[in-house]
Amino acid sequence: MFSLENKKKILNNTDLFVLDMDGTFYLENDILDGSLDFLEAVKRAGKRYIFFTNNSSTSSEEYIKKLARMNCHITSDMIMTSGDVMIKFLQTKYQGKSVYLLGTEPLRKSFVDAGINLYDAKTGVSSDGTKAERSDIVVVGFDKTLTYETLTNACIYIREGATFLATHLDINCPVKNGFIPDCGAICAAIELSTGVKPRFVGKPFKETVDMIVASTGISAERIAFVGDRIYTDVATGVNNGAMGVLVLTGETKKEDIPASKVQPDVVFASIKEMGELLSE
């Protein structure tokens, strides 16, 4: 399955590479060898790329600045986060509904900028001036500012009937010394308390693919999702009519692949290998 011929076939059949970031393009603050060369190879081949991260604790603008520090210069239409998918989902499915957000300041700002009707637990008033006992919806992101008070509010509102949504299902976020609790872990606490499961919209769910198809105009079967996690990056492609490409520079190791329910369409050692093959 992962022969040289298959690797070249996947690369040739791809019009748009959707690149994960941490563990795929860089590790924390250090760009991975060959990453910039891969982007050049994509351009030379007449193909396109965008970045997509499930990490909803930081805005697209902050990621653009981070990539620029690595000499990778992109525009706002070349990056999306699970927070962006959630905003689109709320605008499409829950227009005008009040939202209690568990999220960082950058995520909150992106919600405000997009006109999402945010609910203030302290005043009981939403952005549109409506006063209520609770919000219509609770949205959970990767909230590094989480407090017991905000966690309690979320549980109370959900028990009282608020819709439970979350940006992404990642349980842990990798950091230099191991892992820290991510959005999925926060949701697990809320679910255990309330008995209600959240609806996730980031990778590996259809909403992410739909948004990328709509914004780029490229059909799903010509899109390759590239990343270091099978259950998010690869599964996004494999489960939604696109391609799932695994790189072995992050979380997933080669020995993890056989036991996985989701199997990648192809495996590369790194994004560097992808760029070298694309240049041939």
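Predicted model: local features only at pLDDT ≥ 70, side-chain atom pairs only at ≥ 80, totals over all residues.
Residues are numbered from 1 along each chain as its sequence is written, and side-chain values use heavy atoms, with hydrogens and water left out. Local features need pLDDT of at least 70 and side-chain atom pairs count only at pLDDT 80 or more, whereas totals for chains, interfaces and linings use all residues. Helices (H or I, at least four residues) and strands (E, at least two) are DSSP runs, numbered from the N terminus.

**Packing of helix H4**

- Helix H4 (residues 82-93) packs with helix H5 (residues 105-113) at an angle of about 30 degrees, and their axes are 10 Å apart; axes are lines fitted to C-alpha atoms, for helices over the stretch in contact, and angles run from 0 to 180 degrees between N-to-C directions.
- H4 is therefore roughly parallel to H5, on a scale where angles under 35 degrees count as roughly parallel, over 145 as roughly antiparallel, 65 to 115 as roughly perpendicular and the rest as oblique.
- H4 passes H5 in a right-handed crossing; a crossing is right-handed if the near helix is turned clockwise from the far one by less than a right angle, and left-handed if anticlockwise.
- Gly83, Met86, Ile87 and Leu90 of H4 make the contact with Leu107, Ser110 and Phe111 of H5, where contact means heavy atoms within 4.5 Å.
- The H4 contact with H5 comprises 5 nonpolar, 2 polar and no charged residues; Ala, Val, Leu, Ile, Met, Phe, Trp, Tyr, Cys and Pro count as nonpolar, Asp, Glu, Lys and Arg as charged, and the others, Gly among them, as polar.
- H4 also packs with H8, at an angle of about 85 degrees and with axes 10 Å apart, so H4 and H8 are roughly perpendicular to each other.
- On the H4 side this contact uses Asp84, Val85, Lys88 and Phe89, and on the H8 side Glu207, Thr208 and Met211.
- By class, the H4 contact with H8 has 3 nonpolar, 1 polar and 3 charged residues.

**Aromatic pairs**

- The structure holds 7 aromatic pairs; rings of Phe, Tyr and Trp (its six-membered ring) pair if their centres lie within 6.5 Å, and planes under 30 degrees apart count as stacked, over 60 as edge-to-face and the rest as tilted.
- One of these pairs, Phe25 with Phe51, is edge-to-face, at 4.9 Å centre to centre and 80 degrees between the planes.
- Phe25 lies in the loop between strand E1 (16-19) and strand E2 (26-27) and Phe51 in strand E4 (residues 48-53), so the pair ties together parts that are 26 residues apart in sequence.
- Phe25 and Phe51 are buried (under 20% relative accessible area, with exposed over 50% and partly exposed in between; 1.4 Å probe, protein chains only).
- Phe25, Tyr49 and Phe51 form one aromatic cluster.

**Val18 in strand E1**

- Val18 belongs to strand E1 and is buried, with a relative accessible area of 3%.
- Not counting residues up to four places away in sequence, Val18 touches Ile50, Phe52, Ile212, Ile223, Ala224, Phe225 and Val226.
- Val18 and Met80 are 62 residues apart in sequence and 9.7 Å apart in space, C-alpha to C-alpha.

**Backbone features**

- Most residues other than glycine have a negative phi, and most peptide bonds are trans.
- Glu28, in the loop between E2 and strand E3 (30-31), has a positive phi of about 55 degrees and is partly exposed at 23% relative accessibility.
- Asn71, in the loop between helix H3 (60-69) and strand E5 (79-81), has a positive phi of about 70 degrees and is exposed, with a relative accessible area of 53%.
- The peptide bond from Lys203 to Pro204 is cis, with omega near 10 degrees, and Pro204 is in the loop between strand E13 (199-200) and helix H8 (206-216).
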